[in-house]
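Please look over the sequence and the model shown here before reading on. The report below takes up a few of its parts in turn.

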Amino acid sequence: MRNSTWFSSLVLLLGLGVVSGEAAAAAPAPMVINPGFENDGTGVASPTGWAATGSVNASFTEFGGHSGNLRLSHWSSDDYSVDTVQTVRGLSNGWYTLRAWTKRSPGQNDSSISLDCGEGAERTFLPIAPADEWIQVVVSARAHHRGECKIDLHTTALGGEWANFDDIELVPGDTRLSIYGADVSSLKKSEDLGGVYFDDEARHQCRKRSALEILAEHGLTDIRLRVWVNPADGHHNIAELITMGRRAKAAGLGVLVDLHYSDTWADPGNQTKPAAWANFTVDQLEQAVFAHTFAACTGLRSNGVTPDIIQIGNELNSGMLFPEGSNWNPPNWDNLARFLKAGYNAVKLCSPRTKVMLHLANGGDNGLYRWWFDNVTSRGVQFDVIGASYYSYWHGPLGPLQANLNDVAERYGKEVLVAETAYPFTLGFVDNESNSIGLESQLVSGYPATPAGQAANLRDVLSIVRAVPNGRGLGAFYWDATWTAVPGNGWDPTNPASGDTWENQALFDFNSKALPAMDELSR
């Protein structure tokens with residue numbers, strides 16, 4: 001993996017939280033003046049240490065802070081554009097990160113934090129969340145000879161829209177994501193059935209090109225590929241994994257291997273054993289998990305591809321290989337632990353530097369994650385990465401996702417990754433299947449089913465992962481980015497007439513043209 005080393009003991013001593021990067025400053029940054037807006041009471045446009053510019057009357061302090069009594073708010077009954085700024089001076093050369101707790105309304109509202117240390121402003125937009133839910137966002141910039149950084153809390157919005165800011169920190173080091181990924185498991189079958197992909201007109205006049213080439217050009221770093229044991233349609237098996245792994249390496253992309261340990265879809269409600277394993281004992285299942293995992297890993301390595309991450313099972317909320325590996329009805333935690341250990345040992349025997357991930361759905365459910373990981377760690381299960389599926393229309397707002405990722409990263413001392421996320425760019429469909437998300441009532445407030453809404457949703461999920469403390473947020477994979485409505489490439493591998501329920505959430509539109517959300521892969 002391409003992750004930075006993260007350290008900053010001086011900041012820890014100050015209780016500011018650790019942020020680090022490739023060129024962390026040798027000394028702590030000078031303190032932000034009045035970071036919690038507590039110095040002046042309410043109704044102040046330019047509180048101590050800060051200056052408002054633009055629609056000055058739209059900037060003011062008021063009650064309702066994140067940690068203290070007060071916060072900074074931007075609001076006006078009329079359309080407005082306002083900046084509340086502070087310049088921090090006396091900085092050493094190196095990277096600095098601005099952290100801020102924020103909220104914003106879900107309407108037409110362009111709110112952001114930015115940091116300009118002399119090379120142009122770096123910006124992070126405020127994610128959308130319920131009105132009572134604070135979200136921490138971060139942005140990093142490098143300071144050079146000027147020795148100063150300008151903090152800018154900005155909002156341009158329609159009348160009645162608002163943003164809140166509190167607990168501003170400037171700390172040495174940078175935050176960055178090492179993975180901007182996409183699950184492209186559907187791609188090989190799509191191409192075999194005639195699927196084609198195009199980039200945007202401005203870059204390549206809509207020329208037909210490889211989907212991997214297009215994604216890589218937009219900033220993709222890694223692909224994710226699901227592997228079934230003996231699938232009915234002959235796709236998503238180890239042979240296809242090797243083919244796609246070689247293509248990924250040629251495109252300069254890393255590979256995450258998603259082992260389902262089934263002949264078909266595995267998820268919280270479906271963990272059916274492969275048909276060939278149906279009558280295996282627990283001992284035999286343990287051996288089969290080891291052998292299948294080792295075969296997938298060595299198949300790639302023998303073809304010159306070292307997988308970056310291998311996940312042992314997919315969305316394991318309720319376990320795997322039912323019923324022997326179920327963790328409920330009845331609970332078979334000991335069996336599950338044996339299977340997970342077998343997978344871990346196979347990966348490390350094949351490739352010691354490949355990371356092992358354990359993956360659950362419901363990314364905002366901290367109770368689930370603590371219950372599950374407490375049980376497996378108490379049984380000695382080893383792993384390197386905690387993976388979470390997070391679909392905002394199913395799994396709730398961003399605040400619980402942030403709280404969960406931050407908690408499990410700290411509690412278990414592991415890196416975290418959003419292994420699956422997606423959002424629709426339209427509510428329409430173009431095949432004989434209605435879509436998983438096809439109703440206005442299923443959408444999340446503030447994120448319309450438009451190309452811009454899809455892009456904003458992905459942008460904000462990435463912001464949550466980027467803000468995980470101590471550099472433990474790896475990134476995210478967009479799921480299934482290339483699953484366009486190609487006849488024959490449906491959801492049911494046993495039925496070629498089945499349709500695709502996902503084409504309105506791909507990163508290519510109904511004309512197979514790259515969508516704006518793809519550009520969020522390079523932020």
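## Helix H11

Helix H11 spans residues 451-466, and its 16 residues reach 23 Å from the first C-alpha to the last, close to the 22 Å expected at 1.5 Å a residue. The expected span is 1.5 Å times one less than the number of residues, and helices (H or I, at least four residues) and strands (E, at least two) are DSSP runs, numbered from the N terminus. Because 14 of the 16 residues of H11 are buried, the helix is largely enclosed by the rest of the structure; buried means under 20% relative accessible area (1.4 Å probe, protein chains only).

## Basis of the model

This is a predicted model, in which local features need pLDDT of at least 70 and side-chain atom pairs count only at pLDDT 80 or more, while totals for chains, interfaces and linings use all residues. Residues are numbered from 1 along each chain as its sequence is written, and side-chain values use heavy atoms, with hydrogens and water left out.

## Helices H8 and H10

The axes of H8 (residues 366-378) and H10 (residues 398-412) come within 10 Å and cross at roughly 20°, which makes H8 roughly parallel to H10 (angles under 35 degrees). Axes here are lines fitted to C-alpha atoms over the stretch in contact, with angles from 0 to 180 degrees between N-to-C directions.

## Ala 182

Ala 182 is found in strand E11, residues 179-183, and is buried, with a relative accessible area of 0%. Leaving aside neighbours within four places in sequence, Ala 182 is in contact (heavy atoms within 4.5 Å) with residues including Leu 220, Phe 477 and Ala 481.

Conventions
Buried means under 20% relative accessible area, exposed over 50%, partly exposed in between (1.4 Å probe, protein chains only). Angles under 35 degrees count as roughly parallel, over 145 as roughly antiparallel, 65 to 115 as roughly perpendicular and the rest as oblique.
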